[in-house]
Amino acid sequence: MTIEGEVQYYAVGSYKYDLLNDVIGNVSLGETRSCYIIDEEGMVICDRETEKIEKGENVFELYNSDANQELFQRIINGQTGSDTARLNGVKPYMEFSPVAGTNWAVVIDIPKAEFTGGAKAAVVVCIVVTVLFIFISLQIIKKQ
């Protein structure tokens, strides 16, 4: 606050990052998913694996390929969307969105195998059931 052009008071605030880490750590999307927050430079500032924060890991250094660099550049530029990437030999689906009022972005990645595993199992079950019904129908037709 200023009075007659001179600063009289300062407003100071803080944010409890432990709470943010608790929220990110409790996101449940599968067994091996990741959910983290990066800042405008690509630094991991919130992750359930707190050692990434302590080490000061940067996504541009962690996942250093041209395709990944382009993807993370889109993320820190404030885009919302989804894409795939290659992270540590795994090709996950990635969802990302900026955090309102900050220069941060939330990133969620889920390995394709984990994400589509249930759908593939359902297709196999449907095929087996269909073949079984065809076989039973043919047996009934033969008896008539």
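This note goes through the fold, the strand pairing, selected residues and the surface.

1. **Basis.** This is a predicted model: local features need pLDDT of at least 70, side-chain atom pairs count only at pLDDT 80 or more, and totals for chains, interfaces and linings use all residues. Residues are numbered from 1 along each chain as its sequence is written, and side-chain values use heavy atoms, with hydrogens and water left out.

2. **Overall fold.** The protein chain has 5 helices and 7 strands. Helices (H or I, at least four residues) and strands (E, at least two) are DSSP runs, numbered from the N terminus. The order from the N terminus is β-β-α-β-β-α-α-α-β-β-β-α. Contact means heavy atoms within 4.5 Å. Of the contacts between residues at least 6 apart in sequence, 31% join residues at least 24 apart.

3. **Burial and area.** Buried residues account for 25% of the 144 residues. The cut-offs are under 20% relative accessible area for buried, over 50% for exposed, and partly exposed in between (1.4 Å probe, protein chains only). The chain exposes about 10,100 Å², and carbon and sulfur atoms supply 57% of that area. Accessible areas come from the Shrake-Rupley method with a 1.4 Å probe; for residues, only the protein chains shown count as cover.

4. **Strand S7.** S7 covers residues 105–111; 5 of its 7 residues are buried, so the strand is largely enclosed by the rest of the structure. Two strands pair if DSSP finds at least two bridges between them. S7 pairs with S3 in the antiparallel sense over 5 bridges. Here Asp 109 in S7 is the bridge partner of Ser 34. S7 also runs antiparallel to S6 (residues 92–98), with 7 bridges joining them. Ser 97 stands opposite Val 106 of S7.

5. **Two hairpins.** The S6 and S7 hairpin has 6 residues between its strands, and Gly 101 takes a positive phi near 80° there. S3 and S4 are also antiparallel, paired over 3 bridges. In that pairing, Tyr 36 stands opposite Asp 47 in S4. The hairpin of S3 and S4 has 5 residues between the strands, and Gly 42 has a positive phi near 90°.

6. **Asp 39.** This residue lies in the loop between S3 (34–38) and S4 (44–47). Asp 39 counts as buried because its relative accessibility is 13%. A polar atom of its side chain lies 2.9 Å from the backbone nitrogen of Met 43. Setting aside neighbours within four places in sequence, Asp 39 is in contact with Ile 45, Ile 76, Asn 103 and Trp 104.

7. **Asn 58.** Asn 58 sits in the loop between helix H2 (50–54) and helix H3 (59–62). At 8% relative accessibility, Asn 58 is buried. A polar atom of its side chain lies 2.9 Å from the backbone oxygen of Glu 41. Beyond four places in sequence, Asn 58 is in contact with Glu 41, Gly 42 and Met 43.

8. **Ile 76.** Ile 76 lies in helix H4 (residues 66–76). Not counting residues up to four places away, Ile 76 touches Ile 38, Asp 39, Glu 40, Gly 42 and Phe 60. The C-alpha atoms of Ile 76 and Gly 42 are separated by 6.9 Å, with the residues 34 apart along the chain.

9. **Salt bridge.** A search of the whole structure finds 1 salt bridge. The term means a side-chain nitrogen of Lys or Arg within 4 Å of a carboxyl oxygen of Asp or Glu. The side chains of Arg 74 and Asp 83 form it (2.9 Å, N to O). Arg 74 is partly exposed at 23% relative accessible area. Asp 83 is partly exposed at 29%.

10. **Tyr 93.** Tyr 93 belongs to strand S6. Tyr 93 counts as partly exposed, at 29% relative accessibility. The C-alpha atoms of Tyr 93 and Asp 83 are separated by 5.9 Å, and the two residues are 10 apart along the chain.

11. **Nonpolar surface patch.** Val 125, Val 129, Leu 132, Phe 133, Phe 135, Ile 136 and Ile 140 form a nonpolar patch on the surface, with about 660 Å² of accessible area together. Patches are made of residues with over 30% relative accessible area and no salt bridge: like charges are joined within 9 Å, nonpolar side chains (Val, Leu, Ile, Met, Phe, Trp, Tyr) within 5 Å. Phe 135 is found in helix H5 (residues 112–143).

Technical notes. A polar contact is a pair of N or O atoms within 3.5 Å; within protein, one must be able to donate a hydrogen and the other to accept it, and residues adjacent in sequence count only if both atoms are side-chain atoms.
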